[in-house]
Amino acid sequence: MQLSQKDENSLGILPAQSRFASIGGRQSNAMRRLPYARFLELLPYRYLAPIAGDSVLDLFGGTGFASAAMDQRFPKQLLVDLSPDFAGLRANGARALQGDATSEVMFSRLPAVDFIICHAGFHHVLGESGGRSASCNERRLEVLRLWKQKLSRGGRLVIADVPSVGTNPTTCLGRLPTNSLTNFLATPWPHGSACNRLVTSLQNPTSLGHYLTGLHERLSQLDIGDADPAAFFDNAVSKLSASGHEAHFAAPHELLALFDSAGFSNSVAFVAPTPWLFSTRREAIWFAHELLGLGAACATPDHLTESQEATLASHISRYLNLKIVSDDLCILSWHLLFVMGENP
Ligand SMILES: C[S@@+](CC[C@H](N)C(=O)[O-])C[C@H]1O[C@@H](n2cnc3c(N)ncnc32)[C@H](O)[C@@H]1O
C-alpha cells in the first residue's frame, strides 16, 4: 500500500474535531496501560478474515488495537481516524491517516485492500438528522457501497459494533463462515494469569460456531450475567461524558439488510460475548472511565476518586455486570455485533 506524502495530504484530511480529539489521549492511555482488557473483541476476526490477502484498512481505527493485532496476517495496514490524536501511530510503524472514513475524496485515492474492518465506529455514521430517520440508513448504505468498491475480489468487510438496545446476545443471522486462521493474532498474552487461562481455553476451536458455543458455556459457568452496552451508552455515557454520545446502534437484521443492499455476498451477522478482562475491580472501572471519556480525566487507576468510582459502578451494575471471578480476574460483561460480507 504505497501512498506518497503528497497523496496523504490530499486525502480529505479534516481539521481536528474537538469532540473526538479530546478523548483520544485518554483512550490511548487506557489501551497502553491495559492492552489485554479488550482481547476477546479480537478473537472473532480469526474466523472472519479472508483466507488470502495481506492488506487491511482499519476505519474509525482509534488506537489501532484491532488491526495491530493482525499484523502477522495483514502486514500492509492503513488506519483512518478523524482524531489527530492517533496520527502518532505512524511512529510505531502502522500507517495512520487523519481523515473522514466516510469521505468519497478519501476513498477515491486509496488503493484496493483485501480486508476492511470498522471496529466500534459505525454507530457514528448518521444521517443529516441523526440516527433515528431513514436518512441514517441511506447514508450508511452509501458508505457501505463506498467501502465495498475498495475491496479486492473475495475481500471482506467486517463491522463490529455495539448492537441496538435489548439485542439477544445469542443472535445469529446467516451462515457462519467455516474458515479459521491459525497464528492470526500477534498480540502477546501475559502468561500465568487467570486471564491467560480463560483466553487459552478459548483459543482452540476450529470453527466460529464452536468458538461461540464454548464462549457462552464458559461465561455461564463463571456466572458473568448479561449486558446491554447500548443502554449503557444511551443512558449513562451520554450523561457522564462531557461531549455527550451521539450514536445510533443498529440491530443485527438492520445491518445485514444494508450489507445485502450494498451488494455483499455470504453476509452473516452474529452477536459475540466480548467481556473485558482485568485484574481488579478498580482497574475495570478506571478503564471504562478513560476509554469512554467520562467525567474528568484520571491518568491511572489510583487517580480515580471514590466518588467517580461509585458513580460509574452504579451505572455499570445497572446496564452491564462486573464480576470478580478470582483474586486476579475481574470481568466486565460486554458484547458486540459482528457483520461480515464478501465482495463477490
Ligand atoms: C469508539 S472509537 C473506536 C476506536 C477503535 N476502533 C477501537 O475499537 O478502540 C471511535 C473512533 O472513531 C473515530 N471517528 C469518528 N468519526 C469518524 C469518521 N467520520 N471518520 C474516521 N474516524 C472517525 C473517533 O475519532 C474514534 O477514534
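This is a predicted model: local features need pLDDT of at least 70, side-chain atom pairs count only at pLDDT 80 or more; totals for chains, interfaces and linings use all residues.

Visitor: How many residues of strand 5 are buried?

Guide: A residue is buried if 20 or more other C-beta atoms, placed from the backbone, lie within 10 Å of its own, exposed if 12 or fewer, and partly exposed in between. Strands (E, at least two residues) and helices (H or I, at least four) are DSSP runs, numbered from the N terminus. Strand 5 covers residues 151-161, and eight of its eleven residues are buried, so the rest of the structure largely encloses it. For strand 4, seven of its seven residues are buried.

Visitor: Which strands run parallel to strand 4 (residues 113-119), and how many bridges join each to it?

Guide: Two strands pair if DSSP finds at least two bridges between them. Strand 4 is joined to strand 5 by six bridges, and the two run parallel. Strand 1 (residues 55-59) is also parallel to strand 4, through four bridges. Val56 stands opposite Phe115 of strand 4, and Phe115 in turn has Arg156 of strand 5 as a bridge partner. Ile116 faces Leu157 in strand 5.

Visitor: In which sense does strand 5 pair with strand 11 (residues 335-342)?

Guide: The pairing is antiparallel, over six bridges. Here Arg156 stands opposite Glu342 of strand 11.

Visitor: How does one describe two packed helices?

Guide: One gives the angle between their axes and the distance between the axes. Axes are lines fitted to C-alpha atoms, for helices over the stretch in contact, and angles run from 0 to 180 degrees between N-to-C directions. Helix 6 (residues 134-149) packs on helix 10 (residues 252-261) at about 50°, with the axes 9 Å apart. That makes helix 6 oblique to helix 10; angles under 35 degrees count as roughly parallel, over 145 as roughly antiparallel, 65 to 115 as roughly perpendicular and the rest as oblique.

Visitor: Which residues meet where helix 6 packs on helix 10?

Guide: Residues are in contact if their C-beta atoms, placed from the backbone, lie within 7 Å. Asn137, Arg140, Leu141 and Leu144 of helix 6 meet Leu258, Phe259 and Ser261 of helix 10. By class, this contact of helix 6 with helix 10 has four nonpolar, two polar and one charged residues.

Visitor: In what order do the strands of the open sheet of three strands lie?

Guide: The order is 8-10-9, with antiparallel pairing. Strand 8 (276-278) and strand 9 (322-326) are the edges, each with a single partner strand, so one side of each has no neighbour in the sheet. The twist averages 25° from one strand to the next. Strand 9 and strand 10 (residues 329-332) are joined by four bridges, and Leu322 stands opposite Leu332 of strand 10.

Visitor: Where does Phe60 lie, and is it buried or exposed?

Guide: Phe60 lies in the loop between strand 1 and helix 4 (65-68), and it is buried, with 25 other C-beta atoms within 10 Å. Although not a glycine, Phe60 has a positive phi of about 55°. Asn266, in strand 7 (residues 265-273), also is not a glycine and has a positive phi of about 50°. Asn266 is partly exposed, with 14 other C-beta atoms within 10 Å.

Technical notes
Residues are numbered from 1 along each chain as its sequence is written. Two residues are in contact if their C-beta atoms, placed from the backbone, lie within 7 Å. Ala, Val, Leu, Ile, Met, Phe, Trp, Tyr, Cys and Pro count as nonpolar, Asp, Glu, Lys and Arg as charged, and the others, Gly among them, as polar.
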